[in-house]
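Have a look at the structure first.

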Amino acid sequence: MKDVSLIVNELKTLIDREGLDYLNDYPDKACASLLNSDCADKFTALALLTSFRMDIPAFMEKSHSDKEILEHIKSMDFYSENVCALLTKIYSSLYSDENRSFWKKNEFAGVKAFLKSDFDISWNGSSVWSCNQGDVGCDYNAQITLRPEDEACIYKSLDKELRCNPFLSEDCISEIFYSSLTDYLNRKFDYYCTADDYYPPVSEDFEVDSYVEEWGKKNGFKVIKVDGSGETGEFISNY
């Protein structure tokens, strides 16, 4: 059997990154991580997998003594005495007072850090205007700087993600908002370029500033800077 401390460290790493519900919500992935990191043998990983599926991590949301943990595991009438003792040792170490304090302290630490800094985004939009006679390529590039302004609004925008994982990192939160804004601009630019069936667009006239401001108001950001330029390609005939 592998060292219990290695197992506990790997499980804590998973919780630190993915949130306290990860072991309950993704037991197979948690078990795979234990095996892939070579910190648990197959027998121990299987015992932990079944314990995840039996909601023992949910039971551990409240603090329990080693005796209470052992009695709870025994009450399932599923494991041998040795396995019950092993699982008790793992869960007692994983959900120690020290780890609980660490998780409590680090709840929403990523979003708190994100709120303190400006947010820079590079956006490259591309679309094609088409008609029966041919196509025109359209491109727009913009460098955008936003400043988190409405804390409540930003938390609301992240509500679903933070419910799943209150330990989201600053980088992860940046990626969420990056994807949200660039997807929004891509949709707006594509519509701008393809809305008229008879005349090709002028990419240079795309009002990126107003769309960034619109998105910012909805998501809690102040627009600091938008530097953009568009380019409309030559008409390429189908004939």
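## The sheet

Two strands count as paired if DSSP finds at least two bridges between them. In this predicted model, that gives an open sheet of three strands, in the order S1-S2-S3, with antiparallel pairing. Strand S1 (119-131) and S3 sit at the edges with a single partner strand each, so one side of each has no neighbour in the sheet. From one strand to the next, the twist averages 15°.

Zooming in, strand S2 (residues 134-148) and S3 pair in the antiparallel sense over 14 bridges. Arg-147 is found opposite Lys-222 in S3.

## Helices on the sheet

H12 packs on the sheet and touches S1, S2 and S3, with its direction at about 25° to that of S1. Helix H13 (residues 208-219) also packs there, touching S1, S2 and S3, and its direction makes about 140° with that of S3.

## Rings

Searching the whole structure turns up 20 aromatic pairs. One of them is Phe-177 with Phe-221, an edge-to-face pair at 5.0 Å centre to centre and 80° between the planes. This pair ties together distant parts of the chain, 44 residues apart: Phe-177 belongs to helix H12 (residues 170-194) and Phe-221 to strand S3 (residues 221-237). Both Phe-177 and Phe-221 are buried.

There's also an aromatic cluster made up of Trp-123, Tyr-140, Phe-189, Tyr-192, Phe-206 and Tyr-211.

## A lysine over a ring

Over in helix H1 (residues 4-18) you'll find Lys-12. Its charged end sits over the ring of Phe-102, 3.9 Å from the ring's centre. Buried or exposed: which is Lys-12? Lys-12 counts as buried because its relative accessibility is 17%, under the 20% cut-off. Beyond its sequence neighbours up to four places away, Lys-12 touches Leu-94, Asn-99, Phe-102 and Trp-103.

Key: Residues numbered from 1 in each chain as written. Predicted model: local features only at pLDDT ≥ 70, side-chain atom pairs only at ≥ 80, totals over all residues. Heavy atoms only, no water. Phe/Tyr/Trp six-rings, centres within 6.5 Å; stacked < 30°, edge-to-face > 60°. Helix = DSSP H or I, 4+ residues; strand = E, 2+ residues; numbered from the N terminus. Buried < 20%, exposed > 50% of the residue type's maximum accessible area, 1.4 Å probe, protein only. Lys NZ or Arg CZ within 6 Å of the ring centre and 35° of its normal. Contact = heavy atoms within 4.5 Å. Axes fitted to C-alpha atoms, helices over the stretch in contact; angles between N-to-C directions.
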